[in-house]
Amino acid sequence: MAVGQIVDFAYPTEASTAFAIRLGQPASNGVGPDRDIVAFLRACPHMGCPIVKINVDKGVLGPCGCHRSRFDLTDGGRQIVGHASQSLVQITLEVEDDRLFAVGLGGLPYGHAMEASR
Amino acid sequence: MKRSRSLRSLTRRGFHRLATMVAAATAAGCSEDELHFLDERGYLLPPPSAREQTTACAYCIVACGYKAYTWPVGGESGGLEAENNAFGVNFPVAPMSGYGITPQMYNIAMVDGEPHHVIVMPDPDATVVNIGGDHNLGASMAQRFYSPEKATSDRLLSPKLRVGGELVDISWDEATEILARVGTHVQEQHGPAAWALKTFSYQFFENTYAITKFAFDALKTPCWAPHDQPASGSSTPGLSDIGVNAFSAAYSDWKESDVLFVSGVSLYEARGVLFSQWVAGGPTLIVVNPRRDETAEYALENGGMHLQVTPGTDALLHNAIAFAILENGWQDDYFIEGQTVDDDELAIEGEQSARRRRFGRTFEAFREFILGNDEHAPERAAAVTGVPAEDIRRAAELLARPVKRARPKASFMLEKGNYWSHNYANSASLASLGVLVGAGNRPGQVISRGGGHQRGMLKAAGYPLDNSPVEVDGEKRPVNLDYWLLEGNVRLAWVIGCTWVTGGSAHTEALTAQVKAQARGSEFSQLDEDTAFSGGSLNLPAVVERLTAKIDQGGLVFVQQDIYPQEQTELADLVLPACTWGEAPFVRMQGERRLRHYAHIVDAPGEVRPDWKIIAEVARRMGFEGFDWSDENEIFEEGAARSEGKANDYSHLVALANETNQRAHDLLAQFGTTGLQCPIQRDGDQLSGTTRLHEEGFATQTGKSMFLAVDYNELVVSREDIFSPVGQELQIINRRVGGNWSSLVEDLRNDYRASLLPENVLEINPSDASARGIEDRDPVRVSAGSLQHCAGAQVDVPGGSFEAIAVLSDTVAPGVACAYFNFRGESSTSSNAVIPNSADPVSGLFSFKLGRGTVTKRLPKKVFDERA
């Protein structure tokens, strides 16, 4: 991936929008030779609105179109300003043979709950 | 393991991994490790059988409606299908559904002595305040509940007494008896003015009623001050003087206004739902703030204005806008004619109030005052306020210029950035500007505070002004508790739920030093182990004798009543553990006077007690009558009589409850998160609220409002030597941060919230940073000079300093730097350390937003990024 390049994909379900980005600076949980490739869900953890805007230079996602929250992509999706009560959900990446694999989530996607044993 | 599929084709893999772990963890009878996983990464849904209660947010003034669900650990939890969970909805849910639960909303706590799952979530069915379940800081309230396994484990759980320099556990019987005997000694030997009661003013009606009954009715001491002021009195005296209650507006008024003047309010950051539900998408904003905050950014993006005022010059800005309005004849003549005083009415108002006598004006006199002073001309004011003249004129136009013969509906919201600067000058000049354009008591045309903490004050008696030893110009004034302490007058300080001397007031290093000297000083008697214990038991008479000896020697007994230990605890002789939100049933109002019942959700941990109960026990032991309450409801019902005729009047609620054999708490709880807006009205057996105040007349003798003439030179310029930076100093202002609350008591015990603000941050303009050799994220120290710094203050004290991390930012202008206020409530990090201790000459309150100090780089360099 080139620095600044954004790759959109669906994860963990076909309906869940996610993106991977090469930030050009080391990032928390970053992969690749420069540990600067990260991936996140686009759903705002506040109320689930998809966040479209990305400031590549600053490594910031947002502001969210619903409530203006912004998240630091270099710092595990930590909220910089906003109304969310958790960080942006980061996707765990692994690299193998120059290919990126999404292998897990750092938290529950917005709106999902856990199924209890019944 | 070899992977052969593309990134896209693996989309479900991680999700299933998580789901598998979750399924393992959610089996009945979870292990501790599994429960820990739930807590950190996920949550369970409540089953249909879960207990549902209503409450409201514990934090900001907005007090969003919340619901709490509890169900036993080991029992059946809810399912994803609507029929299998308490909400009756299918999961996953869509965005903005109101059911977007996050791990912060989930915890495990004790209920009736057994571990229970707990979810505290915004009420998705809310039709007021946070409609549809919008939320902000309150989404993490479940994490407040005590857990021996988590960061809340350092909760104060039992009473403690300092013996031999260490705090040791004692019983409630011993603790309350010690305090009662010491208190009686102080009352009899040193008098009521030897007390210092520094207490929260917001933590529910039941507790504040007990506090004020004890202070004002029993002790009759004038030495009480709320947590955020050095003395008793209105935070916004200018509003009081024009007859406007600081919370007179309804939230719908903000939405209905065409233009909203926002003065010194962190609206987006600190009152998020008020912004998102009641301001965003509504009025055009005129934001007055020395810092270009998120609300200012919004205003600029949406046709509004940001007036980046020089700190402390607001009053001149208000007068200049008034000048531009009057010059163009844009004032609201109809409103002024019908609802403001004439000369005769002003004379009546002056008879009742020295301030109205001094500052009150009719419209004609006010017009003459404004237009007759060239300093009010926008071109002149621009040089002082830093706001360009064209911006002052445009603000006047937005606020008042009729369009097609229709006046814009203008409203005014103010908060601490306004009234914690020059308190009287700012609030009075803003109030007059509002009246000039017809704001104050009409839909979409109001003047009110944005609000800080919730409105939990219910006074059992009036402040005993006659007992105050303080007089100014022949008039009694409330005791400034900080000065009273610094002058060595206090013998027994009882601090309830605030960080008074370490971070919560101005010039905190001096306050801390004073308490250290008087309470812990080696020249005074201190309690040692041999004296305190006899035969393995506490020797109560000997303990009391030693403590009263310290008092008689000129020392001080310091009592801290709180939920967590803090820096102040290290100064305390006696520590009393209190319970808090969710651990007992309480009542209070929020920012549009909406009264709600806050449910008792979980067990209070350890031996903690509600504040009212601790106070009542001490009062009884001191021989005072009227403290025999059995529960919170009994206090709430008793207090109704004291609310009559006031903005928090709930007497009709209690009357109806009594007539129908209900507990008033239970009747209010039936109104859920909607509650009732005070003053509560009654028609037969129907209760209703009051949308906005003053529609039938302003809170003055005549029912008319008035103008206040604020002479900027007299009230502000005369104090410049105290507050204006000199030499290399910068003006140090302070702010709140969204997602964090106040002195960070709970934030420090919540990993997520702590990560948002791991250290105090000082925003500094790049030009100022460069001139001081400071780079982005350098650790810095902000230092106020010593006596010179406080020249002109009523009490000379040394200066102070605090530490922070520098963030280079053009959100503040050159010459101004902005820190988080009262960071951690600690003397080394609270920006209040550099606030001069000069009280407002009219109101007696401090200028917490007008610090000044030199900024220097700290060594060795510490890497800010290491926080992760």
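Colleague: Is Glu592(B) buried or exposed?

Modeller: In this predicted model, Glu592(B) counts as buried, at 4% relative accessibility.

Colleague: Which residue forms a salt bridge with Glu592(B)?

Modeller: The partner is Arg594(B), and the closest N and O atoms of the pair are 3.0 Å apart. Arg594(B) counts as buried too, with a relative accessibility of 7%.

Colleague: What about Glu583(B): which residue does it form a salt bridge with?

Modeller: Glu583(B) pairs with Arg155(B), with 2.8 Å between the closest N and O atoms. The two residues are 428 residues apart, so to speak of the chain, the pair links distant parts of it.

Colleague: Where do Glu583(B) and Arg155(B) lie?

Modeller: Glu583(B) is in the loop between strand E21 (574-577) and strand E22 (586-589) of chain B, while Arg155(B) is in the loop between strand E4 (114-122) and strand E5 (160-163) of that chain.

Colleague: And is Arg155(B) buried or exposed?

Modeller: Arg155(B) counts as buried, at 5% relative accessibility. Glu583(B) is buried as well, with a relative accessible area of 4%.

Colleague: Let us turn to Asp332(B). Which residue forms a salt bridge with Asp332(B)?

Modeller: Asp332(B) forms one with Arg407(B), the closest N and O atoms being 3.6 Å apart. Asp332(B) lies in the loop between helix H10 (314-328) and helix H11 (333-339) of chain B, and Arg407(B) in the loop between helix H16 (389-400) and strand E13 (410-414), so the pair ties together parts that are 75 residues apart in sequence.

Colleague: How do the relative accessible areas look there?

Modeller: Asp332(B) is buried, with a value of 5%, whereas Arg407(B) is partly exposed, with a value of 24%.

Colleague: Which residues are linked in a network of salt bridges?

Modeller: The network comprises Asp173(B), Glu177(B), Arg181(B), Glu617(B), Arg620(B) and Arg621(B). Over all chains, the count comes to 52 salt bridges.

Colleague: Now chain A. How many helices and strands are there in it?

Modeller: Chain A has 0 helices and 9 strands. Its radius of gyration is 14 Å, close to the 13 Å that the globule rule gives for 118 residues, so chain A is as compact as a globular protein of that length.

Colleague: What share of chain A do buried residues make up?

Modeller: Buried residues account for 62% of the 118 residues in chain A. The chain exposes about 4,400 Å², of which carbon and sulfur atoms supply 49%.

Colleague: How many positive and negative side chains does chain A have?

Modeller: Chain A carries 10 positive and 12 negative side chains, and the centres of the two sets lie 11 Å apart.

Notes
Residues are numbered from 1 along each chain as its sequence is written. Chains are lettered from A and ligands numbered from 1 in the order in which they are written. This is a predicted model: local features need pLDDT of at least 70, side-chain atom pairs count only at pLDDT 80 or more; totals for chains, interfaces and linings use all residues. Side-chain values use heavy atoms; hydrogens and water are left out. Helices (H or I, at least four residues) and strands (E, at least two) are DSSP runs, numbered from the N terminus. The radius of gyration is taken over C-alpha atoms; the globule rule is 2.2 Å times the number of residues to the power 0.38. Buried means under 20% relative accessible area, exposed over 50%, partly exposed in between (1.4 Å probe, protein chains only). Accessible areas come from the Shrake-Rupley method with a 1.4 Å probe; for residues, only the protein chains shown count as cover. Lys and Arg count as positive and Asp and Glu as negative; His and the chain ends are not counted. The place of a charge is taken as NZ of Lys, CZ of Arg, CG of Asp or CD of Glu. A salt bridge is a side-chain nitrogen of Lys or Arg within 4 Å of a carboxyl oxygen of Asp or Glu.
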